Amino acid sequence: MKSLLAVLLVLAAVAGVGCATRPESLASRDLLSMQVEEAVRLFQMRDPTIQTYFDTSYAYAVLPKVTKGAVFLGGAYGRGEVFARGVKVGYCSMSQASMGFSFGGQYFREIIFFQDKAAFDRFTMEDFTLAAQVTAVALNSGSASRTDYQFGVFVVPDQGLMVDASVGGQKFQYEPAFVMYDEPTTVIP
């Protein structure tokens with residue numbers, strides 16, 4: 001079962017290869033930033049107690065639009081921005097594979113809160129995967145105040161219809177917003 005799940009995760013990762021973690025153009029990055037801001041406002045509106053996570057978490061990742069579809073075998077993909085101490089530090093992408101009784105398609109928004117630096121460092125390492133055992137909380141009023149976490153995962157369904165009784169995991173890629181170079185670059189006027 002674990003090897004089949006691993007194969008599905010690899011297939012989902014391959015499907016997402018054409019989609020870069022960091023949006024290519026400035027216009028695409030600006031659009032993603034606007035979508036992230038809108039998603040954060042929606043999460044805060046649905047459950048004001050989630051503000052505690054924004055205030056106390058070391059870092060968080062916001063995926064404003066994850067697309068998911070399945071006919072027994074399923075997949076999902078989304079990209080977002082990553083913040084540490086309230087400052088954007090990078091971009092992330094998520095691919096998901098699942099198997100089981102699944103049919104349909106949907107969009108959803110997801111936020112992952114990292115309780116401390118150790119949890120965030122695990123996320124920024126290559127090949128970070130949230131296992132199937134990690135439960136996402138479908139956000140409604142008051143649910144954020146009752147969640148214990150090292151990785152707090154909250155989801156708001158956006159649109160679509162999906163029947164899902166499957167097993168899967170989410171694989172993440174992280175890319176820093178700014179790349180530091182060892183040698184200074186020469187600027188030619």
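Helices and strands are taken here as DSSP runs numbered from the N terminus, and on that basis α2 (26-46) and β1 (59-84) each contribute at least two residues to the lining of the second largest pocket in this predicted model. The volume of this pocket is about 190 Å³. Its lining consists of P23, S28, L31, L32, Q35, P64, K65, T67, Y77, G78 and R79, and β1 provides the largest share of these, with 6 residues. Sorted by class, the lining comprises 5 nonpolar, 4 polar and 2 charged residues.

With residues up to four places away in sequence left out, S93 touches T21, Y77, G78, R79, K171, F172 and Q173. The side chain of S93 is in polar contact with that of T21, at 3.2 Å. The relative accessible area of S93 is 7%, which is under the 20% limit, and S93 is therefore classed as buried.

A search of the whole structure for salt bridges returned 3. In one of them, the side chains of R22 and E175 meet with an N to O distance of 2.8 Å. Because R22 lies in the loop between α1 (2-15) and α2, whereas E175 belongs to strand β5 (residues 151-176), this pair ties together parts that are 153 residues apart in sequence. The two partners fall into separate accessibility classes, since R22, at 19% relative accessibility, counts as buried, while E175, with a relative accessible area of 27%, is partly exposed.

A further salt bridge joins K88 and E81, whose closest N and O atoms are 3.4 Å apart. Here K88 is partly exposed, with a relative accessible area of 28%, whereas E81 is buried, its relative accessible area being 2%.

The salt bridge between K117 and D121, in which the closest N and O atoms are 2.9 Å apart, is formed within a single element: both residues lie in helix α4 (residues 117-124), where they are 4 residues apart, or about one turn of the helix. Both members of this pair are partly exposed, K117 having a relative accessible area of 43% and D121 a relative accessibility of 25%, because values between 20% and 50% are assigned to that class.

Definitions and conventions. Residues numbered from 1 in each chain as written. Predicted model: local features only at pLDDT ≥ 70, side-chain atom pairs only at ≥ 80, totals over all residues. Heavy atoms only, no water. 1 Å grid on protein atoms, 1.4 Å probe; cavity = no way out; pocket = protein on both sides within 12 Å on 5 of 7 lines; lining within 4 Å. Points joined across faces, edges and corners; volume = space filled by probe spheres on them. Nonpolar A, V, L, I, M, F, W, Y, C, P; charged D, E, K, R; others polar. Buried < 20%, exposed > 50% of the residue type's maximum accessible area, 1.4 Å probe, protein only. Polar contact = N/O pair within 3.5 Å; in protein donor to acceptor, adjacent residues only side chain to side chain. Contact = heavy atoms within 4.5 Å. Salt bridge = Lys/Arg side-chain N within 4 Å of Asp/Glu carboxyl O.
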